[in-house]
Structures are given as C-alpha cells and as structure tokens.
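Colleague: I have just opened this model and would like to know what stands behind the labels. Can we go through them one by one?

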Amino acid sequence: MDMKKIVLLFVMALSFFAKPAFSQNCFEITSILVDACGNPEGENEMIRFKIGNAPLLTSSLGVVWANTNANYLGICQNANTTQKVADLNATIISCGVLLEPVADELPANSNVILVTSENINPAYNSFANLTDTIYIIFQCAGNTSGHFKNHYPVSGT
C-alpha cells in the first residue's frame with residue numbers, strides 16, 4: 001500500500017473529539033509522521049495539528065488510531081515528559097521552542113504535536129531547525145506497535 005493510501009486511511013480512521021470543556025472547537029491536522037525512526041517505531045510517531053479559535057483541554061482529546069490494536073491511552077504530562085521536552089529543546093539551534101501545556105490547556109490558534117508515547121527517543125527526532133513555538137503533548141506509554149497500519153504487511157495496493 002503506498003504512503004498516500006496509508007495517510008488517507010489514517011485520516012479517515014483518526015477521530016479526535018472534544019468534550020465540552022470550553023466550547024465547540026475545531027482543529028486541523030497539518031501533518032502526520034507515519035514512518036517514524038526508532039525502535040519501537042510506535043513510540044516515536046507524531047501528529048501535528050493546529051487548534052482553532054478557542055482553547056482546548058488535553059484531557060478532552062481522544063483518538064481512534066488506524067491500527068485498531070493500539071488503544072488510545074490518554075495524555076500524560078509528568079517528570080518524564082518534562083525531561084523529554086528539555087532534551088528535545090536542547091537540540092534546537094534556531095529560535096524555536098517546544099512547550100508542554102499549562103493547566104491542561106492548549107491555547108487558541110496554537111500549533112501542537114501529539115507524540116504517540118511519552119517514551120519517545122529524542123535521539124531519533126530532531127527539532128534542530130525549529131523556528132516556531134509548538135506545544136507538545138504525549139500519549140501515555142504502553143503502545144509499542146505502530147499506530148498507523150504501516151507497522152505490518154497490509155493487504156491491497
């Protein structure tokens with residue numbers, strides 16, 4: 001199956017939903033890192049999206065992954081994720097910065113990266129040339145296989 005079909009399959013299968021926390025909010029998925037580096041791959045995949053014109057609570061997010069064997073495990077923010085963000089920020093040579101949300105809130109109009117595990121390996125994920133402020137959130141650890149149907153042979157072309 002070619003990459004366009006995998007991405008299309010993922011976009012159709014991915015469904016974020018927001019509980020009424022602030023208001024009805026829209027967001028736009030802007031990119032998906034399907035074929036991540038690292039072992040296990042499933043801990044290093046990412047989705048980038050842009051928040052709409054109202055803030056969004058991370059606790060209100062939910063995901064249905066294309067790989068139905070990978071359950072959504074919620075968003076974790078803890079000492080481990082704080083260290084991962086510090087490690088990633090230490091590699092930035094431009095003027096960008098990665099931030100974790102404050103008080104569970106993704107600000108209106110912000111850019112966000114959802115990493116598929118708090119066990120991301122910073123050595124496999126360079127943000128060296130980042131020139132923007134991006135919020136980064138992490139799915140709780142536990143899924144090690146790919147979240148997108150590219151982690152094993154898929155029937156069809």
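**Cores, strands and labels**

Modeller: Let us start with the core. In this predicted model, the largest nonpolar core has 14 residues. Phe-49, Leu-106, Val-112, Leu-114 and Ile-137 are those with the most contacts inside it.

Colleague: Which strands supply at least two residues of this core?

Modeller: Strand 2, strand 7 and strand 8 each do. The largest share, 3 residues, comes from strand 2.

Colleague: What does Leu-106 touch?

Modeller: Setting aside residues up to four places away in sequence, Leu-106 touches Ile-51, Pro-55, Leu-56, Thr-58, Leu-61, Pro-101, Val-112, Tyr-135 and Ile-137. There is also a second, separate core of 13 residues. Ile-113, Val-115, Phe-127 and Ile-136 are among them.

Colleague: Why is Thr-116 called buried?

Modeller: Its relative accessibility is 0%. The limit for buried is under 20%, so Thr-116 counts as buried. Thr-116 lies in the loop between strand 7 and strand 8. Leaving out residues up to four places away in sequence, Thr-116 touches Gly-42, Glu-43, Asn-44, Glu-45, Trp-65, Gln-139 and His-147.

Colleague: Which residues of helix 2 are buried?

Modeller: Helix 2 runs over residues 79-89, and its buried residues are Thr-81, Lys-84, Val-85 and Leu-88.

Colleague: How do you know that they are on the same side of helix 2?

Modeller: By their arc around the axis. The arc is only 100 degrees, so these residues sit on the same side of helix 2. The general rule is that an α-helix has 3.6 residues a turn, so residues three or four places apart point the same way.

Colleague: What covers the buried residues of helix 2?

Modeller: The cover includes strand 4 (75-76), strand 5 (97-99) and strand 8.

Colleague: What makes the pair Asn-78 and Asn-80 a polar contact?

Modeller: The cut-off is 3.5 Å between N or O atoms. At the start of helix 2, a side-chain oxygen of Asn-78 reaches to within 2.9 Å of the backbone nitrogen of Asn-80.

Colleague: Why is Thr-91 called partly exposed?

Modeller: Its relative accessible area is 34%. Thr-91 lies in the loop between helix 2 and strand 5. A polar atom of its side chain is 2.6 Å from the backbone oxygen of Leu-88. Not counting residues up to four places away in sequence, Thr-91 touches Phe-127 and Ala-128.

Colleague: What stands out in phi at Asp-104?

Modeller: Asp-104 has a positive phi of about 70 degrees although it is not a glycine. Most residues other than glycine have a negative phi. Asp-104 is found in the loop between strand 5 and strand 6 (105-106). At 24% relative accessibility, Asp-104 counts as partly exposed.

Colleague: And what is phi at Asn-109?

Modeller: Near 65 degrees, again a positive value in a residue other than glycine. Asn-109 lies in the loop between strand 6 and strand 7. With a relative accessible area of 46%, Asn-109 is partly exposed.

Colleague: Which elements have the lowest and the highest mean pLDDT?

Modeller: Helix 1 (residues 3-13) has the lowest, 46, and strand 5 the highest, 98. Over residues 4-23 the pLDDT is below 50. The pLDDT is also below 50 over residues 153-157. Where pLDDT is low, the predicted coordinates should not be read in detail. The chain averages a pLDDT of 79, and 74% of the residues score at least 70.

Notes: Residues numbered from 1 in each chain as written. Predicted model: local features only at pLDDT ≥ 70, side-chain atom pairs only at ≥ 80, totals over all residues. Heavy atoms only, no water. Buried < 20%, exposed > 50% of the residue type's maximum accessible area, 1.4 Å probe, protein only. Helix = DSSP H or I, 4+ residues; strand = E, 2+ residues; numbered from the N terminus. Arc of directions from axis to C-beta. Contact = heavy atoms within 4.5 Å. Polar contact = N/O pair within 3.5 Å; in protein donor to acceptor, adjacent residues only side chain to side chain. pLDDT = per-residue confidence, 0-100. Core = buried A, V, L, I, M, F, W, Y, C linked by side-chain atoms within 4.5 Å.
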